[in-house]
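Student: I am new to this structure and would like to understand the terms used to describe it. Please show it to me, and then let us go through them one by one.

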Amino acid sequence: MKDDAAQRHILPLNLYLAVGSGLLVLTVITVVVAQMDFGPMNLLIAMGIAVIKATLVAMFFMHLKYDNKIYMLVFSGSLLFLGVFIIFTMFDTLRRGDIYEEIAEPYLKEAVIYRKAETTTALSHPAADTSNTASDTVTSDH
Amino acid sequence: MEHTIPEKHYLNEATGWKSWLMTLDHKRIGILYMIMVMFSFFLGGVFALLIRWELLSPDKILMGPEMYNQAFSLHGIIMIFLFIIPSIPAILGNFVMPLMIGAKDVAFPRLNLASWYIYVIGFCFAVYALFTGGIDTGWTFYTPYSSESTTAVIPILTAAFVLGFSSIFTGLNFIVTIHRLRAPGMTWFQLPLFVWAIYATALIQVLATPVLGITLALLMLERVVGIGIFDPAMGGDPVLFQHFFWFYSHPAVYIMILPGMGIISELIATFSHRRIFGYKFIAFSSLGIAFTGFLVWGHHMFVSGQSDLAAVIFSFLTFFVGIPSGIKILNWIATMYKGSISLDTPMLWALSFLILFSIGGFTGIVLGTLSIDVHLHDTYFVVSHFHYVMVGGTVMAIFGGLHYWWPKIWGRMYNETLARIAVVMIFVGFNITFFVQFIMGTQGMPRRYATYLPQFQGMHGFSSIGALIMGVGFLLIAIYLIYAIFKGKPAGPNPWRALTMEWETPSPPTAGNFEGQPILEHGPYDYDKVIPENALKPYKTI
Ligand code: HEM
Ligand SMILES: [Cu+2]
């Protein structure tokens, strides 16, 4: 079966050594780059190198490149979902402070509200009901 | 035709309690799950009735506000984590799925048994919490309250955490089983749609549940050592908890509904005696739901203080989850069109599902609309929406499925008349209970309160009467189903004359399911080619 073949797959030692030295070189680059200041690019560069290293490890040392493609799919799938989680959450956290300017305009000046004349207590007051609930909604989960 | 129960079957092949507690047979594990999960349903139901009783009047009847908070929290937690999430996959998925694909068992029988034990451990933690202070955070465990509540938050979080592992084990097992153990000749597009649904569910279980684990673990750390991740005073963010929670829990609503949709596909095809319409659309819409379900969680947070940008994006994306569900509903209706429909009990449950789930789905779209949800959030409108999908959808499907496969599981038939009465009681009782809640919600009745303005008393009372009708209905079902196990008429291998593979085994099936490895000879819905009978025909094996 295909999977068994994949398990028996043995890579030449040279490839391991090549990938291994590649990782070492990248590590050196990381250290060197950390000494310099690229401003906002700092994080991007560091993460970029880290991603390349992780990919190398997954592809060659963990044999993802030679295995059944389904594992590749599963692996990248999990990364995709992690990405979705972080990015979508950042749509919130990075933009939390956005306040839009609002302009007040008079609206339906002649509108009237009808209610039974004798009910004057706050409880059965329709307008009071809605404002009550509005404040309830915000706090009820806490 | 008179049928008899076969002499040897999985129920009597081995006897004694040890043969059950140590069993590796997927069918027996399904039954072990059935016992625990249905008991949880009963417990959750008791809390539901307590809530409805209290709401008969705005004044205190049974419980004060603190007790009331505990009652709805326990109701929610039990129903979600102990009942609805495990229900269909662990009971019917376990029992039926391997039979449907012509397998002798699931891929990892020991893992399967382990998942049941883990479930039991989770159950014990929940019961422990119940007796050591209860829980009053609601099933959503929102911070900051959950990091301060003096109730047994840690035990209940542990329970949900542990139960998550049981769910992951089941999902993992099913994915491998469906990939590996299909009978020769059974290509992906020859799979019964229930199997597709279980497969899509399993993907979500494996992808989303770990996030729940992380979330609950973070909350425990917050409580125990005060790491401050959700505490603004320490630079944390309470709304972050909601992101974590709903990243799992919105996909989890599809863990709850997808398997139900799978059951409905089987029921509609079988009782319309017709090839299912749009097979591939139904199959792929399951995957579509599984995927889009991951992109909409923020619709639970429109008024939680998330940014306007996020709210708009999540509202926009929420409309897309309606599409795959809509595709399914239309395909089911198209299947029934010009079919020769027989209204046996399982079909009645399926029809109830169609009506109620549609209402639930449409009101979901209403709630997904940002500007409307700002008003309806945390009102009874939401309560009604999710009960229409979870009870009107999933619970209808579970009971449809239980009635459909009951003769396969036990080899015996239940009383059809009582069963039809029960279905009608549940359908009517359900609508009485929940329809008025939409109206109350739009009038501003907030959820999770022990009391209310006097103007709502009529509708709350009406709702409580409906709940009572449902309670009696479920009791009736329990009685005739259990009676059928012992005294029902032998059903024969294929009482509904269906074409999926589980009906080619005797009822109840033998311990090893099939003699040898069966080969698929016809598709699951080939009603235009094959005329099924209620008798055992030798199938081809290798
Ligand atoms: C057409 C598909 C659906 C849409 C568009 C939808 C939309 C929504 C929205 C927008 C809310 C938030 C309302 C609020 O809190 O203000 C909500 C709540 C909820 N929905 Fe749905 N929904 C859908 C299907 C489902 C399904 C299939 C289930 C479960 C089987 C479900 C279960 C729930 C639950 C449990 C809540 C309440 C959560 C809580 O706050 O406790 N929904 N839904
Ligand atoms: Cu949701």
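Student: How do you know that the length of helix H6 of chain B is close to the expected one?

Tutor: Helix H6 covers residues 153–180 of chain B, 28 residues in number, and spans 41 Å from its first C-alpha to its last, close to the 40 Å expected at 1.5 Å a residue. The expected span is 1.5 Å times one less than the number of residues. Helices are DSSP runs of H or I with at least four residues, numbered from the N terminus. This is a predicted model, in which local features need pLDDT of at least 70 and side-chain atom pairs count only at pLDDT 80 or more, while totals for chains, interfaces and linings use all residues. Residues are numbered from 1 along each chain as its sequence is written, chains are lettered from A and ligands numbered from 1 in the order in which they are written, and side-chain values use heavy atoms, with hydrogens and water left out.

Student: Why is H6(B) called largely enclosed by the rest of the structure?

Tutor: Because 20 of its 28 residues are buried, H6(B) is largely enclosed. Buried means under 20% relative accessible area, exposed over 50%, and partly exposed in between, with a 1.4 Å probe and protein chains only.

Student: How do you know that H11(B) is mostly covered?

Tutor: Of the 24 residues of H11(B), 17 are buried. This helix, residues 345–368, reaches 34 Å, close to the 34 Å expected.

Student: Which residues coordinate the copper ion (ligand 2)?

Tutor: They are B:His250 through ND1, and B:His299 and B:His300 through NE2, at 1.8 to 2.1 Å. Their spacing in sequence is H-x48-H-H. The copper ion and the iron atom of ligand 1 are 4.5 Å apart.

Student: Why is B:His299 called buried?

Tutor: Its relative accessibility is 13%, and the limit for a buried residue is under 20%. B:His299 therefore counts as buried.

Student: What makes the pair B:His403 and B:Tyr480 a polar contact?

Tutor: A polar contact is a pair of N or O atoms within 3.5 Å; within protein, one must be able to donate a hydrogen and the other to accept it, and residues adjacent in sequence count only if both atoms are side-chain atoms. The side chains of B:His403 and B:Tyr480 make such a contact at 2.6 Å. Another polar contact, of 3.4 Å, joins the side chains of B:His403 and B:Trp349. B:His403 lies in helix H13 of chain B and is buried, with a relative accessible area of 0%.

Student: What makes a set of residues a nonpolar core?

Tutor: Such a core consists of buried Ala, Val, Leu, Ile, Met, Phe, Trp, Tyr and Cys residues joined through side-chain atoms within 4.5 Å. The largest one here has 188 residues, and B:Phe81, B:Phe141, B:Trp332, B:Phe353 and B:Trp405 have the most contacts inside it. Helix H3 (residues 65–100) of chain B gives the largest share, 22 residues.

Key:
Helices (H or I, at least four residues) and strands (E, at least two) are DSSP runs, numbered from the N terminus. Donors are N, O and S atoms within 2.8 Å of the metal (3.2 Å for Na, K and Ca); water is not among the atoms, so sites may look incomplete.
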